[in-house]
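Please walk me through this structure, beginning with the annotated region and then turning to the pocket and the nonpolar cores.

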Amino acid sequence: MIRCDLCPHHCVLKEGQTGFCHQRINKEGRIVLKDYGAITSLSIDPIEKKPLYHFYPHTKILSVGSYGCNMKCPFCQNYTISQDKGSSIQVHTTPEKLVEVALDLKKEGNIGIAFTYNEPLISYEFIYDTFVLCKKHDLKTVIVSNGMIEEKYIKELSPLVDAWNIDLKGFREDIYKILSGDLETVKKSIQIASSSHLEVTSLIVPGINDSLKDMEEEAKWLASIDPNIVLHVTRYFPEYHYHESPTSIELIDQMVEVAKKYLKYVYRGNC
């Protein structure tokens, strides 16, 4: 049995066993990526859809998803791939082929590659290899992540990443326990990612993370890193196992106003 050290779950795996995320596997005594190059989703999106509002606005980016996640949010908007074990795979590809597609799409306004949709960082090796090639071809690199990755790995990857959007799913450890995550790990990831372009998203879910006091603490903490960090305060809609009514627009607006006391750029989403 050996331990995976990519994220704070630190899964201890027998030969052939996969971890909490469904993507890390003990293969012949090594922890490796189970499905290198597995793609479930591929589309060219407006950069604002990531969401990234202050990074090359009005451009497009090739958006790539795989499957699996190292959190289990009952309200997940992409649960069909994030909680999948591989049945949603559409194709396997290589970094070389993916970069070739991205380059071909430049004529349609594409600026690079974004790994998104599921939790991309569990496919660490594939992303790293792809971004090394992107840098050789002047393609922008984007990660949309929950930030659940150990410091060693995010520090290794960060020099290859032009922009991050990291989900900050609440500002109390008990919220993260409900979601099978770790707040301190995410906070460390945000601090490290702030050396690149960084935007943060908080999906406001009734009954879980809808406290104005918590939002004030979150915004104050983000501002202590950099008051120019962009914050997206996003409205929840019922999905997966969570069926509370959608977040009220009034609450979203209140949270935006609270956050604006500390941060220069705060936007509401899904409203």
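The paragraphs below take these topics in turn.

The model is a predicted one. For residues 54-271, an unreviewed UniProt entry lists "domain: Radical SAM core".

The largest pocket has a volume of about 880 Å³. It is lined by 33 residues, of which K50, Q77, N78, V144 and D167 are the closest to its centre. Which elements give two or more residues to this lining? They are the strands β10 (140-145), β11 (163-167), β12 (197-204), β13 (230-235) and β14 (265-269). Of the elements, β12 contributes the most, with 3 residues. By residue class, the lining of the largest pocket holds 15 polar, 11 nonpolar and 7 charged residues.

In soluble globular proteins, nonpolar side chains tend to be buried together. In this model the largest nonpolar core has 72 residues, and I113, F131 and W164 have the most contacts inside it. Another core, of 9 residues, lies apart from the largest one. Among the residues of this other core are I111, A114, V142 and A163.

Conventions: Residues numbered from 1 in each chain as written. Predicted model: local features only at pLDDT ≥ 70, side-chain atom pairs only at ≥ 80, totals over all residues. Heavy atoms only, no water. 1 Å grid on protein atoms, 1.4 Å probe; cavity = no way out; pocket = protein on both sides within 12 Å on 5 of 7 lines; lining within 4 Å. Points joined across faces, edges and corners; volume = space filled by probe spheres on them. Helix = DSSP H or I, 4+ residues; strand = E, 2+ residues; numbered from the N terminus. Nonpolar A, V, L, I, M, F, W, Y, C, P; charged D, E, K, R; others polar. Core = buried A, V, L, I, M, F, W, Y, C linked by side-chain atoms within 4.5 Å. Buried < 20%, exposed > 50% of the residue type's maximum accessible area, 1.4 Å probe, protein only. UniProt positions renumbered as here; feature names shortened; annotations may be inferred.
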